[in-house]
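Keep the 3D view open as you read.

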Amino acid sequence: MKGRFAKAAVLAVGLVLAFGATASGIEACIGPLCVSSTVDVQPRELPAKGNAPVTLESTTRIRVKDGSTPPTLDAIDFLIDKHGAVNSKAFPVCPRAKLEGATPSQARKRCAAALVGKGTGKALVTIPGQAPFQMTSPVSFFNAAPTGGKPTLIAHAYETVPAPQALLVPIVIERVGKGRYGFHVRVEMPEVAGGFGAPTLAEASVGATRKQGGRKVGYISAHCSGGRLQVEGKLTFTNGDSFPTTLTSPCHTPG
């Protein structure tokens, strides 16, 4: 276990040296396992004070250079820039019961008003006795009832093997005070394909808007400080490998 943490520490130092504090996309490897990550916040022009609606987009890809089956992704942790806000109270809530057993199109229809983000998930499925294949699912992010007063999302995906079923993942957004960061989000990955699926792609775009009191309100809002908005991420695998990353998205103020 100590070896795993040592490799993660070396990787973290390598990322800082190679990409500095202005990277918006990176790729790093531990042995044959490689992870690439990108983050982007739109629009780039944001106020210096107060907040404006934004969309946070992230993409994570997992691959293995030697063609072997990648280890299973256990969790993704995000620390998100403090120069913003999550306005979950401005959006309707989707009850979990409405999403249970729903296909992607059914879920989006049942909770259309609570849909605050979309994405795509892919996994490599290696069932004994069958040729490996890739399974793809749309991912939907719905505003959910708070968890202990904390804003919460439900991520909805759908798998077809070993039997069709909805995968529901609660995502709690926690307020923290860690230097540049003000929010912590942990995504605990569900078991995919009965344990025979290893995630290879996670794409997400979160940032719906709606009218409230005559003005447009975003599920996520932000302002520009220091010419950037910053996200720190860490992927943890069930074999103990850990990939820390620091990603930034440039921004500027009007004028």
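**Aromatic pairs and their surroundings**

Phe91 and Tyr219 are both buried. Please keep in mind that the model you are looking at is a predicted one.

How are the rings of Phe91 and Tyr219 arranged? Their centres are 5.6 Å apart and their planes meet at 75°, so the pair counts as edge-to-face, given that planes over 60 degrees apart fall in that class. Phe91 sits in the loop between strand S5 (84-86) and helix H2 (96-99), while Tyr219 sits in the loop between strand S13 (215-218) and strand S14 (220-222); the pair therefore ties together parts that are 128 residues apart in sequence.

In total, two aromatic pairs are counted. Phe237 and Phe243 also form an edge-to-face pair, because their ring centres are 5.8 Å apart and their planes are at 70°. Phe237 is buried, with a relative accessible area of 2%, and Phe243 is buried too, at 1%.

Now turn to Asn143, which you will find in strand S7 (residues 133-147). Is Asn143 buried or exposed? With a relative accessible area of 1%, Asn143 is buried. Leaving aside residues up to four places away in sequence, Asn143 touches both Phe91 and Tyr219, and its other contacts include Ser88, Cys94, Ala114, Val116 and Leu153. For a sense of distance, Asn143 and Gly214 are 71 residues apart in sequence, and their C-alpha atoms are 21 Å apart in space.

Ile220 belongs to strand S14. Ile220 has a relative accessible area of 17%, so it is buried, the cut-off being under 20%. Which residues does Ile220 touch, not counting those up to four places away in sequence? They are Ala52, Pro53, Val54, Leu56, Ala85, Asn87 and Val206. Val116, a contact of Asn143, is 104 residues from Ile220 in sequence, yet the C-alpha atoms of Ile220 and Val116 are 9.3 Å apart in space.

**Around strand S11**

Next, follow strand S11 (residues 197-206), which is mostly covered: seven of its 10 residues are buried. Which strands pair with S11? Strand S3 (residues 52-64) pairs with S11 in the antiparallel sense over six bridges, and strand S6 (residues 115-125) runs antiparallel to S11 and is joined to it by nine bridges.

**The whole chain**

Finally, zoom out. The chain contains three helices and 16 strands. Its radius of gyration is 19 Å, close to the 18 Å that the globule rule gives for 255 residues, so the chain is as compact as a globular protein of that length. Along its principal axes, the C-alpha trace spans about 60 × 45 × 30 Å.

Buried residues account for 46% of the 255 residues. Of the contacts between residues at least 6 apart in sequence, 64% join residues at least 24 apart. The accessible surface of the chain comes to about 12,400 Å², and carbon and sulfur atoms contribute 56% of it.

Key:
Residues numbered from 1 in each chain as written. Predicted model: local features only at pLDDT ≥ 70, side-chain atom pairs only at ≥ 80, totals over all residues. Heavy atoms only, no water. Phe/Tyr/Trp six-rings, centres within 6.5 Å; stacked < 30°, edge-to-face > 60°. Helix = DSSP H or I, 4+ residues; strand = E, 2+ residues; numbered from the N terminus. Buried < 20%, exposed > 50% of the residue type's maximum accessible area, 1.4 Å probe, protein only. Pairing = 2+ DSSP bridges. Rg over C-alpha atoms; globule rule 2.2 N^0.38 Å. Contact = heavy atoms within 4.5 Å. Areas by Shrake-Rupley, 256 points an atom, 1.4 Å probe, with all protein chains shown as cover.
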